[in-house]
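Student: I would like to learn how to read a few features of a protein model, one at a time. Could you take me through them slowly?

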Amino acid sequence: MEVKALLDIIGSQFYVGVPDSQLKPLINFLMGAYGIDPKRHLIAANEGNCVALASGYHLSTGKVPVVYMQNSGEGNAINPIASLLSDKVYGIPVVFIIGWRGEPGVHDEPQHVYQGEVTLKLLDVMGIASFVIDKNTTVDDVKEIMSKYTELLNKGKSVAFVVKKGALSTDVNVDYKNNNKMVREEIIKHILKFSNHDPIVSTTGKTSRELFELRNSENTSHKYDFLTVGSMGHASSIALGIALNKQSKVWCIDGDGAVIMHLGAMAVIGATHPNNLIHIVINNGAHESVGGMPTVAKKIDLVKIAQGCGYANAVRVDNFESLDKELQSAKDSHELTFIEVLSKIGSRADLGRPTTSALENKENFMSYLKTIE
């Protein structure tokens, strides 16, 4: 279905969301039409943030907003949906557009499988009527369901369109880029030179995929790495849990979109202050793994945030010479360290995915952790 036709039928004037690869046509259309505009379209930190922003829009205008997300984000949104939107609480109407990863019967990555199974069930439990859009959905189909949805929205209920793979289309293309020089995969390669046999926790998306392939290319064991293939934004908390129970250095390779999604984790890390944790954020200012849509990372100072949270050492680098210097310093020091690395947007066209299962990754990693102090 063409995105413009869908949005014309919904008729909203405000959109807020977290990017998803299956919703790329939708987001490209919004970026082409509005860009990032506080009055029309925002990309938020996480899905709960989206719901709250949408609520503020409705409270101030009386109009119905649209919230878009990947179905993995339903978990982040459950609390404000149940305790804020619900017609048993404030009765704030929202139209959700949800990308359906892990759709039953369709091959997908392991982190999406169970979430795909429960996507419609979660909406049903929360009292949100849902309609599935697939490649065969017509404009008349959407008009018919929207007439029913309008009645529900007028009663303070929320509704959802769940979008299958390839169901949306647009002729709007957006070129997402920045002026940074370093490539993320090369950055990770440099990190591996210094991490040696220390455990690494890598964030979701292309970062973990590149780490896996670098280990293959260097004929190095994967046992040193925990690939956080799901749970976006939680890699640093996983790394903290390990660092508090081990004496060896623990490296967290994070991303700007991920760290912003659950920024409070940095406050806990700083307050706990493990002297063996090295927290590296590769910042390309984009949700690259789902299409390259922008984050707010260009407009905030992650180094000052880290310092304010209590990280003893916090620096930003934009070239490999400085990166190597700071990686060596972090390796040698006995203080909590934060390194922000400015990166280009982009990856190899032939970038693969981990060939081991998530369970195998966990078991190999745990077996290795047992052998170190």
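Tutor: Let us begin with helix 14, which covers residues 358–369, has 12 residues and reaches 16 Å from its first C-alpha to its last, close to the 16 Å expected at 1.5 Å a residue. The expected span is 1.5 Å times one less than the number of residues, and helices (H or I, at least four residues) and strands (E, at least two) are DSSP runs, numbered from the N terminus. This is a predicted model, in which local features need pLDDT of at least 70 and side-chain atom pairs count only at pLDDT 80 or more, while totals for chains, interfaces and linings use all residues. Residues are numbered from 1 along each chain as its sequence is written, and side-chain values use heavy atoms, with hydrogens and water left out.

Student: Which residues of helix 14 are buried, and what do they pack against?

Tutor: Buried means under 20% relative accessible area, exposed over 50%, and partly exposed in between (1.4 Å probe, protein chains only). In helix 14 the buried residues are Asn 361, Phe 365, Tyr 368 and Leu 369. Because they cover an arc of only 100 degrees around the axis, they lie on the same side of helix 14; the arc is that of the directions from the helix axis to the C-beta atoms. These buried residues pack against strand 7 (200–202), strand 8 (225–227) and helix 9 (235–243), where contact means heavy atoms within 4.5 Å.

Student: At what angle do helix 11 and helix 12 pack?

Tutor: Axes are lines fitted to C-alpha atoms, for helices over the stretch in contact, and angles run from 0 to 180 degrees between N-to-C directions. Angles under 35 degrees count as roughly parallel, over 145 as roughly antiparallel, 65 to 115 as roughly perpendicular and the rest as oblique. Helix 11 (residues 264–272) and helix 12 (residues 302–309) pack at about 45 degrees, with their axes 8 Å apart, and are therefore oblique to each other. Met 266, Ala 267, Gly 270 and Ala 271 of helix 11 meet Leu 302, Ile 305, Ala 306 and Cys 309 of helix 12 in this contact.

Student: Where is His 273 found, and what is its phi?

Tutor: His 273 is found in the loop between helix 11 and strand 10 (277–283), and has a positive phi of about 55 degrees although it is not a glycine. At 30% relative accessibility, His 273 counts as partly exposed.
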